[in-house]
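These are my notebook entries on one chain. I went through the structure topic by topic and wrote down what I looked up.

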Amino acid sequence: MAQAAARAAAAQLEMMRLDLANMAAMAWVDWYTVHREMALVEAVTAKVAEVHATALSGLASGRATDLDGLGVEVELGWLAASAQALAAERDVVAYRVNTLLHRPPGDEVPPPPSGIERARAPAPAGVRPEIAETQAMVEAAEAEARMATADRLPMLGVMAGWDAMQEMPEHRLMAGVSVALPLDQRARAASEQAARAGEIAAESEAERAQDAVALDVARAERQYRGQAEVVATVEGSLLPAARARVAAARSAFSAGSLDVRPLLEAERGALEAEIRLEVALATLALRAREWELARGQLTPGDTP
């Protein structure tokens, strides 16, 4: 029973490690995405600032209206507010990362890479610790049931001793046999039934754990494959269309059309599409890591 309990405790430790690994993966994804969003907002801000300068020049020459200049200023204000919100979010994510590392919240955290590769489906891994824990508890319950059954049987004992104080040498050596008869069979029968009930409960818990793990693995796989479809859609249709829209709007703007509204709308749409792609790729990496953890793989494979 003690050996089984020790294995169950070790499995509980592995469960805690899997939970911490999942928390670390989520923190990494948030750390990556917030930096990529900040970089994209900064790049678009620079482009809109160029449009603002052109609008002011057109306003001075009478080729533009106040509406054009105000529209660009509103867009710059929206971008500035977005950058401020992202900066605050970045600091909060850094606090989470430092907490996981048992460091002061304000410590500096290295920036993430500027890009991320597409995560691949993980390879099969080992056994989830929940399965190992419940199997150990079944073994402990079986041992307890065997002990309860053994209590109903007579217990034999032997003893031997040497009494040097005896005057007669033949009386110094003593030996004996004892027999303990379990007279209260009703109490022992109740104890045996309780142990058997515990064994059945442990077996049921083991079956429940297997079903729960199977559900986790199936759900993690489906979420990964669904996210892969999202990445393909953003890469294949949404982002190219958004970039083509920006190119067309810039061409019209450069040709002399000083109506900046189509260009600003196109830039914002492209920004949202770029952010959507970065978030989709990071989420795909998280889904791959979750699939690994659902299979009991603590050490990361190809995922960050």
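**Largest pocket**

I started with open space and found that the largest pocket holds about 300 Å³. For this I took a 1 Å grid over the protein atoms alone; a pocket is an open set of points with protein on both sides within 12 Å along at least five of seven lines, and lining residues have an atom within 4 Å of a point. Grid points are joined across faces, edges and corners, and the volume is the space filled by probe spheres set on the points. I counted 13 residues lining the largest pocket, with R128, D216, E290, L293 and A294 closest to its centre. Helices α1 (2-61), α4 (185-254) and α5 each supply at least two residues of this lining. By class, I noted five nonpolar, two polar and six charged residues in the lining. Here Ala, Val, Leu, Ile, Met, Phe, Trp, Tyr, Cys and Pro count as nonpolar, Asp, Glu, Lys and Arg as charged, and the others, Gly among them, as polar.

**Model and numbering**

The model is predicted; local features need pLDDT of at least 70 and side-chain atom pairs count only at pLDDT 80 or more, while totals for chains, interfaces and linings use all residues. Residues are numbered from 1 along each chain as its sequence is written, and side-chain values use heavy atoms, with hydrogens and water left out.

I checked pLDDT, the predictor's confidence in each residue on a scale from 0 to 100. The chain has a mean of 85, and 87% of its residues reach 70 or more. Confidence is lowest in strand β2 (residues 173-180), with a mean of 75, and highest in helix α5 (residues 261-294), with 91.

**Overall fold**

I listed five helices and two strands. Along the sequence they follow the pattern α-α-α-β-β-α-α. Helices (H or I, at least four residues) and strands (E, at least two) are DSSP runs, numbered from the N terminus. Of the 304 residues of the chain, 33% count as buried. Buried means under 20% relative accessible area, exposed over 50%, and partly exposed in between (1.4 Å probe, protein chains only).

**Aromatic rings**

How many aromatic pairs does a search of the whole structure find? I got two. Rings of Phe, Tyr and Trp (its six-membered ring) pair if their centres lie within 6.5 Å; planes under 30 degrees apart count as stacked, over 60 as edge-to-face and the rest as tilted.

W28 and Y32 form a stacked pair, 5.6 Å centre to centre with 5 degrees between the planes. Both sit in helix α1, four residues apart, which is about one turn of the helix. W28 counts as partly exposed because its relative accessibility is 24%. Y32, at 0%, counts as buried.

The other pair is Y224 and W291: their ring centres are 5.5 Å apart and their planes lie at 40 degrees, so I recorded the pair as tilted. This pair links distant parts of the chain, with Y224 in helix α4 and W291 in helix α5, 67 residues apart. Both Y224 and W291 are buried.

I also looked for charges over rings, which requires NZ of Lys or CZ of Arg within 6 Å of the ring centre and within 35 degrees of the ring normal. R268 lies over the face of W78, at 3.8 Å from the ring centre.

**Single residues**

H102 is not a glycine, yet its phi is positive, near 60 degrees. I placed H102 in the loop between α2 (66-100) and α3 (129-150). Is H102 buried or exposed? H102 is exposed, because its relative accessible area is 75%.

H52 belongs to helix α1 and counts as buried at 16% relative accessibility. H52 and G71 are 19 residues apart in sequence and 9.0 Å apart in space, C-alpha to C-alpha.

In helix α3 I looked up E142, which is partly exposed with a relative accessible area of 28%. From E142 to G198 the separation is 56 residues in sequence and 8.6 Å in space, C-alpha to C-alpha. M147 is also found in helix α3, and at 48% relative accessibility M147 counts as partly exposed. M147 and A195 are 48 residues apart in sequence, with 8.8 Å between their C-alpha atoms.

Key: 1 Å grid on protein atoms, 1.4 Å probe; cavity = no way out; pocket = protein on both sides within 12 Å on 5 of 7 lines; lining within 4 Å.
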